[in-house]
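Subject: Structure handover

Hello,

Please find the structure below, together with its sequence.

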Amino acid sequence: MPRVKIGPALPDRNSLDIEIARLRDLEVGELRVRWLNVFRRKPPPHLPRHLLFRVLAYRLQADHLGDLDGESQRLLDRSASPEDAGQRAVDLGRRNTDVRPGTVLGREWNGRMQHVAVLADGFAWNGKTYPSLSKVAFAITGTRWSGPKFFGLRDKPLKGPSS
């Protein structure tokens, strides 16, 4: 007869759910005390209630059900901080002037509002289709403009201190 290997008992999911429900009912001060008991240090003072709750709930689940595997932990450790990732996203958004088809751009010029529809293959203004925003800006103003700059899709350059 083959041997049967008996592993550790499965965690009681019901008791875990009850404990998380108890956490949900705690006030900010009580969550901070709980944090101190769990992590043996004070929580960051700026952490709002919903994040205190989420971190504590995650820790409860990880303790009962198991934490991330080693490979996932190493991947997260190698990744950039949330602040760096957020700044990269902002920088990328500033550089990327592409707009989706269906977007309507607006700009007031000489007291009249000009509307340009973004198409899959160009830009529509006054019943005509143009291959670029710069061509639309030229048609509106009669002078050469950067189309993205004319429609406010690029940041204005910062002026340095005048001496």
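Please keep in mind that this is a predicted model.

Strands

Strand β1 covers residues 104-109 and strand β2 covers residues 112-119. The two run antiparallel and are joined by six bridges. One of the pairs to look at is W109, whose bridge partner in β2 is R112. β1 and β2 make a hairpin, with two residues between them. In that turn, N110 has a positive phi of about 55°.

β2 also pairs with strand β3, residues 122-125, again in the antiparallel sense, here over three bridges. On this side A117 has A124 in β3 as its bridge partner. The link from β2 to β3 is a hairpin through two residues.

Helix α6 and T141

Helix α6 spans residues 133-141, and T141 belongs to it. Is T141 buried or exposed? Its relative accessibility is 16%, so T141 counts as buried, the cut-off for buried being under 20%.

The side chain of T141 has a polar atom 2.8 Å from the backbone oxygen of A137. Setting aside neighbours within four places in sequence, T141 is in contact with W109 and F150.

Regards

Key:
Residues are numbered from 1 along each chain as its sequence is written. This is a predicted model: local features need pLDDT of at least 70, side-chain atom pairs count only at pLDDT 80 or more; totals for chains, interfaces and linings use all residues. Side-chain values use heavy atoms; hydrogens and water are left out. Two strands pair if DSSP finds at least two bridges between them. Helices (H or I, at least four residues) and strands (E, at least two) are DSSP runs, numbered from the N terminus. Buried means under 20% relative accessible area, exposed over 50%, partly exposed in between (1.4 Å probe, protein chains only). A polar contact is a pair of N or O atoms within 3.5 Å; within protein, one must be able to donate a hydrogen and the other to accept it, and residues adjacent in sequence count only if both atoms are side-chain atoms. Contact means heavy atoms within 4.5 Å.
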